[in-house]
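Q: Could we go through this structure together? I would like to begin with the ligand.
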Amino acid sequence: MFKFLKKKIKEVLKLPRKDVTPELEIVLLEAGVSLEVVDQLIERVKKSDNQKTALRQALLDSMHSERLKVKGKPFVIMISGINGTGKTTTLAKIAYLLLKKGKSVVAAGSDTFRAAAIEQLEEHCNRLKIKLIKQEYGADPASVAYDAIHHAKSKDIDVVIVDTSGRLHVDSGLMNELEKIKRVSSPDLSLLVVDATTGNDAVEQAKAFGPLVDGFVVSKSDVDERGGAIISISAATGKPVYFLGTGQEYTDLKPFSPEKIVKSLGL
Ligand SMILES: Nc1nc2c(ncn2[C@@H]2O[C@H](COP(=O)(O)OP(=O)(O)O)[C@@H](O)[C@H]2O)c(=O)[nH]1
Ligand SMILES: [Mg+2]
């Protein structure tokens, strides 16, 4: 994680004092940190006598993390994001984590947009030994979510996790679909999954999803060398990151820790 940025920050901090902030600005932008966050970070570093400490502290102050707390029954988690970001995998990882904590879980196959999506989720559910509530390909995703919540209530299940479909880009069809799922299922937590390797684009997606989401999971941090999305998504939106996806296994979901991030940046 952060190979590129760690190396570059180290080089920049060795420069003559007056050159540090202009170079740092370029490096952060190259790493995919969003412009507004770069500006905030640079301002803090400029004002300080100790540039390294200032950068460390500015990064710590700009990243927000939150822990998943299951309160109320059933606790409904909605997972959204554009195509291929890792929604279904993240659903399975969260289910695995909750099962380990002794919670019972049911999944809602509300990605009815692609036929293969339901099968993919079904495979995970079979491996995890949790029930999948599904309907036919093309069915109303909100109705699937409704069924899953109804099932949880009648079987006394702790958590419902709703998978949803993505599109190539944020589009109005997707937004209308997600709004309806959200209206019908009133999730206790609505998480947007973004792919770390998409850098600033992930931040733009987060802004586009706006009030539909409460916070983020940043997936594929294990294959992300730049770190821009991880660093800027919470600063640019004011919403917290709950987890980092760190691989393809169920155990590859880590609580987001700004402390660990600055450490892996060598700060
Ligand atoms: N390396 C890595 N791959 C991931 C991670 N999360 C998801 N993936 C992979 O990304 C691909 C798309 O994931 P999927 O859950 O199907 O995405 P969805 O379309 O958003 O539901 C799959 O090959 C996953 O194994 C992660 O944290 N790290
Ligand atoms: Mg999926």
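Q: By class, how many nonpolar, polar and charged residues does the shell around ligand 1 have?
A: The shell around ligand 1 has no nonpolar residues, 11 polar ones and four charged ones. Here Ala, Val, Leu, Ile, Met, Phe, Trp, Tyr, Cys and Pro count as nonpolar, Asp, Glu, Lys and Arg as charged, and the others, Gly among them, as polar. This is a predicted model, in which local features need pLDDT of at least 70 and side-chain atom pairs pLDDT 80 or more, while totals for chains, interfaces and linings use all residues. Residues are numbered from 1 along each chain as its sequence is written, and side-chain values use heavy atoms, without hydrogens and water.

Q: Which residues come nearest to ligand 1?
A: Lys87, Thr88, Thr89, Asp222 and Gln248 do, of 15 residues around ligand 1 (a heavy atom within 4 Å).

Q: Which helix gives the most to that shell?
A: Helix H5, residues 87–100, with four residues (helices are DSSP runs of H or I, at least four residues, numbered from the N terminus).

Q: What lies 2.5 Å from an oxygen atom of ligand 1?
A: A polar side-chain atom of glutamine 248. A polar backbone atom of lysine 220 is 2.9 Å from a ligand 1 oxygen.

Q: Changing topic, how many salt bridges are there?
A: The count comes to 13, each a side-chain nitrogen of Lys or Arg within 4 Å of a carboxyl oxygen of Asp or Glu. Glutamate 225 and lysine 3 form one, with closest N and O atoms 3.7 Å apart.

Q: Which parts does that pair tie together?
A: Glutamate 225 lies in the loop between strand E6 and helix H10 and lysine 3 in helix H1, so the pair ties together parts 222 residues apart in sequence.

Conventions:
Chains lettered and ligands numbered in written order. Polar contact = N/O pair within 3.5 Å; in protein donor to acceptor, adjacent residues only side chain to side chain. Helix = DSSP H or I, 4+ residues; strand = E, 2+ residues; numbered from the N terminus.
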